[in-house]
Structures are given as C-alpha cells and as structure tokens.
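Keep the sequence and the structure at hand while reading.

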Amino acid sequence: MMSPVVDVHTHVVPKGWPELSGECGGDGWPWLRVESERAAMIMIGETEFRPIGAQCWDAPTRLGDMADDGVDIQVVSPTPVFFSYERPAEQAMKVARIFNDLALQVCADGGDRLVPFCQVPLQDPDLACAELDRSLANGHVGVEIGNHVGDRDLDDAGIVQFLQHCAQVGAPVFVHPWDMPTGPRLDRWMARWLTGMPAETHLSVLSMILGGVFDQVPETLRLCFAHGGGSFPFWLGRADNAWHRRGDVVRGQSALPPSEYTHRFSVDTVVFDPAALRLLVDTMGEDRVLLGSDYPYPLGERPVGAVVRKSDFLTDGQRAKLLGGNALAFLGRAA
C-alpha cells in the first residue's frame, strides 16, 4: 500500500475575523477587505499587504487543488503576518485564540485531510505553552512558530522553554521565517522574500545549534524548518570550518560541530530545483526532507511535489519518503 502524499507547508487565512482592536486591544491590526466571494485583500491599516483567494479559507477549493496535484493530506498553518510577537503578550494570546479557533473551522470541512497547526504568543513562554495545550485539546496537531521574536532568536531561554514543552507533549513544530529586515536594497524585486527568508532561516538553524538548544531539548522534539532550511544546507561546510578554526568565537554553547546536528531537525522541499533537492538529501539525509509547497501563495510550488517527482536521482523508496513517509513520522503517525 502506497503511503499518502503529505504536504507539510501550507497556510490558511479565514474569510473574516472580529475587529481585533476591540477584541484584543491596541490598534494597527490586520483586517480583511473582501473583494468578492473568492477574492480578498489582507490590509495592515490602510496598506495593502497581500491579495488572497478562496484557497485560503475554502476547504472544498483546497481539496480540489489537492486532488489535481495528487496530495492526500495538508498540514495547514497560520499565515505569519498574524503572529503578533511584537505586541504585548496578552494581545498576542487573544489573537492566537481567535485565529486558532477559526482555523479549526476551516479544517473541519476537510475532514482528516486537513491537519491544523496553531499559533502561540511566543514572546511569553507560559502563555505560549498554555495556548498550545488548549489548541491541542481542541483538535490542533502541532504548532507553527516564527523564526525569531524581535531580537530574540530560537536559543532564547523562553523559546527553549516552549520547545521543551512541545517535546514533552509530543507536538511537532514547523518553523517559518517572518519579519525580515527592510531597507532600500531589500524593498524591490521581492528581495525580502528571495534573500531575506533564506538568510533568516539559516540564522535560526545556526542559533539552535550554536546556542546549544539541541543539547538542551530532548531528541523527541520533532522540528521542521521551512523553505529547505534556507541557505543553511549550502553553507554547512562553512559553518563546520568556522566551528573548528575559530571556535573561540563561533562554537557558542554547542558541544559538537554543526554537521553533527542535522539529524535533529527536518526541512521541507520548497527549493524548486532538482539540484537543490539533491543537496538537501545529501546534506540532511533522506529521512529529514519533507514535502512542502507554501500553498496557496504565489511563490509556492504548483503542482505540489513537482521537484520531487522529476528528480531522477531519487530511488523509488527515497521518493516515497519525501512525498509522505517522512511527514507521517514528523506528525507522529504510522505509515
């Protein structure tokens, strides 16, 4: 029996939500300008942030696209613009509850084919743990987190506390880059997405390694980084070289060189090119690369899984792992 095809990297936006200033306090919250039954614009104040379509909120539309692409299961995560890590923790907790509950409604219409991941107020570890527990009890399967909270990276003590809790309760964690640097050199050509996202993810993987996080959290933590781990897999040799040659400033809290930690996390396949996918498999190992698409956004892969299916260097067994077997292990499900 063939394993199901599982896409671990997709996003949801509900079709509308309560007015957040009244519900959560503060101002400048995202809101949705609905254009039609199948089109809307995410707004930040009076600024247009991103156009979206019915794929973001309509389960039948998602299921139709999944059928077209041969995808059996989607992991459905929040869209990072709603994380609200920069706000007071109580506000972020309230918005997390709102969007987590709305996401469950969207996924309910997809049966067991849409697997919801929640968001949490990561700036406060106690509130984050509480919202994770509430969400898991309500039907969420895991959690998506941003790759940093302001200037605090993933080796921050509070974030490590949250990751330890995820390991304890068995919740898989999907790490997504967000809140990339801006500036004249980055605010054209979508450079924040084309260069900033890979760099942000690379930095966050390094922070977990050199910050000693993988030496603190148990190996039961299931963790996946979006977008192929950013630029980290390509520059792993550089990190190892620096660890050995300039250990006085590079080693940080890590007990071992960076290449000794690649078995502790996974990456998705959103790299679009067979040569890049080959590098991922060679660097991370065939058990640590999971199918992802970034559906339904324009910079995602359609048809989903195209790069895996056309990569002729993969054996049938490796292809089956990348298309679904590895994701089932990440989700804690039997093949």
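## Cavities

In this predicted model, the count of cavities of 30 Å³ or more comes to two. The largest cavity holds about 80 Å³ of space. Its lining is made up of V12, P14, P78, T79, F82, F99, N100, A103, F117 and Q119. Helix α3, which covers residues 89–108, provides the largest share of this lining, with three residues. Sorted by class, the lining of the largest cavity has seven nonpolar residues, three polar ones and no charged ones.

The second largest cavity holds about 40 Å³. The residues around it are D65, M66, D69, V71, Q74, Y295, R302 and V304. Here helix α2 (residues 59–69) gives the most to the lining, again with three residues. The lining of the second largest cavity divides into four nonpolar, one polar and three charged residues.

## The largest pocket

The largest pocket contains about 1200 Å³ of space. It is lined by 48 residues, and those closest to its centre are R50, P177, M180, W193 and M197. Three elements, β4, α6 (191–210) and α9 (274–284), each give two or more residues to this lining. The largest share comes from α6, which supplies six residues.

By class, the lining of the largest pocket consists of 29 nonpolar, 10 polar and nine charged residues.

## The second largest pocket

The second largest pocket has a volume of about 180 Å³. Of the 14 residues that line it, R222, S266, R288, A329 and F330 are the closest to its centre. Helix α11, running over residues 316–331, gives the largest share of the lining, three residues.

The classes in the lining of the second largest pocket are five nonpolar, four polar and five charged residues.

Strand β3 covers residues 39–44 and is joined to β4 by six bridges, the two strands running antiparallel. Opposite A40 stands I52, a residue of β4.

## Cysteines without disulfides

How many disulfides does a search of the whole structure find? The search finds zero. For C24, the distance explains this: the closest cysteine sulfur, in C118, is 16 Å from the sulfur of C24, which is too far for a bond. A disulfide needs two cysteine sulfur atoms within 2.5 Å. C107 is likewise in no disulfide, and the nearest cysteine sulfur to it, again that of C118, is 12 Å away.

Are C24 and C107 buried or exposed? A residue counts as buried when its relative accessible area is under 20%. C24 has 5% relative accessibility, so C24 counts as buried. C107 has 3% relative accessibility and therefore counts as buried too.

Notes
Residues numbered from 1 in each chain as written. Predicted model: local features only at pLDDT ≥ 70, side-chain atom pairs only at ≥ 80, totals over all residues. Heavy atoms only, no water. Pairing = 2+ DSSP bridges. Helix = DSSP H or I, 4+ residues; strand = E, 2+ residues; numbered from the N terminus. 1 Å grid on protein atoms, 1.4 Å probe; cavity = no way out; pocket = protein on both sides within 12 Å on 5 of 7 lines; lining within 4 Å. Points joined across faces, edges and corners; volume = space filled by probe spheres on them. Nonpolar A, V, L, I, M, F, W, Y, C, P; charged D, E, K, R; others polar. Buried < 20%, exposed > 50% of the residue type's maximum accessible area, 1.4 Å probe, protein only.
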